[in-house]
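Welcome, and please get your viewer ready.

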Amino acid sequence: MFNVVIVRYGEIGTKSRQTRRWFENILMNNIREALVSEGIDFKKVEAKHGRVIVRTNRAKEALEVLTRVFGIVSLSPAMEVDAELEKINKTALKLFRKKKRESGLERPKFRVTARRITKEFPLKSPEIQAKVGEYILENEESEVDLHDYDIEVGVELMEGKAYIFTDKIRAWGGLPIGTQGKVVALLSGGIDSPVAAFLMMKRGVEVIPVHIYMGEKTLEKVRKIWNQLKKYHYGGKAELIVVKPQNREEMLKKIRELGKEKYTCVLCKFMMVRHADRIAKEFGAKGIVMGDSLGQVASQTLENMYIVSQASDLPIYRPLIGLDKEEIVEIAKKIGTFELSTLPEDEIPFIPKHPVIRGSWEEFKKIYKAIFGEEPKKVEC
């Protein structure tokens, strides 16, 4: 029945004309990539007057994919017809009847909203609404209610065409991936780090996922998590990078000998950031993403995050910093990573019973020097 999908964006529309066109082109490329990756046929993707029109006869399947393309605020499967009142009326009635059957209501309340995006159509928007509403009332058991309605029939007119729809599906919004550069995201098997990576993607950032190896069971779990996140990563090309630290056992042995086991978690995270820093510079990434939430665990206090941040001179982004666990879990469930994050993983035998809560940078430097023979370079802010 539908022959197009109307794609609406939000923030992109606030940009200057030249910048907006650049954003639109990236968004359209990401839309094409999403449709091709899912094997959904389409004829054309084009930008028109603050909309992107996707011409496809597989609108339902396209919607499922396009809701995961960042930069899209909402979508409507629609019928494109010539902008003639008779055709608009008949198409609106057809879609109204379809929606009425789906709702199961004998006498649904409805309203019509019309918008002339370009002004060549002779009737003004209120007149179009009245004409279409009157036609539906004459041909179907129904009543008009502008506020408490069961069905909304939308009509948008531009360049001699009318686009008629009855659904407006919300998408994630944000910015198209590829508009804001690249970052490295440290990806563990937990709940938090996948959500942190997702939120950076939502802001138009291409994510390079890096996992610090803890065992085969955890690695397999992380691969599944990344495969789920890739469903939102249209426009990004990165694959999972796995780092197997060579000196971990020796490092842990020395920190035990020093009697400073309480610093184990902070030291391990510091070294994770060191690995991420190296990879970020290799790929030209502009920062490192971590899943820290302030005060959630011992290594995520301000003092300990300060120490960990000294491992790189790149910005370290912590998009979950002000969220509590319930908020993070809610996002994880929505994006499909929560169940994967709760799968079994390898036990970590070197977690101390009493980790340091408010670590000292000066003391950490002494521990680091005793283990590695040199002080860590402190990054001046």
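This is a predicted model: local features need pLDDT of at least 70, side-chain atom pairs count only at pLDDT 80 or more; totals for chains, interfaces and linings use all residues.

Residues are numbered from 1 along each chain as its sequence is written, and side-chain values use heavy atoms, leaving out hydrogens and water.

Now show strand E11 (residues 206-212), which runs parallel to E12 and is joined to it by three bridges. Strands here are DSSP runs of at least two residues (E) and helices runs of at least four (H or I), numbered from the N terminus; two strands pair if DSSP finds at least two bridges between them.

Widen the view to the open sheet of five strands, with parallel pairing and the order E12-E11-E10-E13-E14. Its edges are E12 (241-243) and E14 (316-317), each pairing on one side only.

Next, select helix H6 (residues 216-229), which lies across E11 and E12 and runs at about 170° to E11. Such angles run from 0 to 180 degrees between N-to-C directions, with axes fitted to C-alpha atoms, for helices over the stretch in contact (heavy atoms within 4.5 Å).

Then go to Ser-293, in the loop between strand E13 (288-289) and helix H9 (302-309). Is Ser-293 buried or exposed? Ser-293 counts as buried because its relative accessibility is 3% (buried means under 20% relative accessible area, exposed over 50%, partly exposed in between, with a 1.4 Å probe and protein chains only). Beyond its neighbours within four places in sequence, Ser-293 touches Gln-300, Leu-320, Ile-321, Leu-323 and Ile-328.
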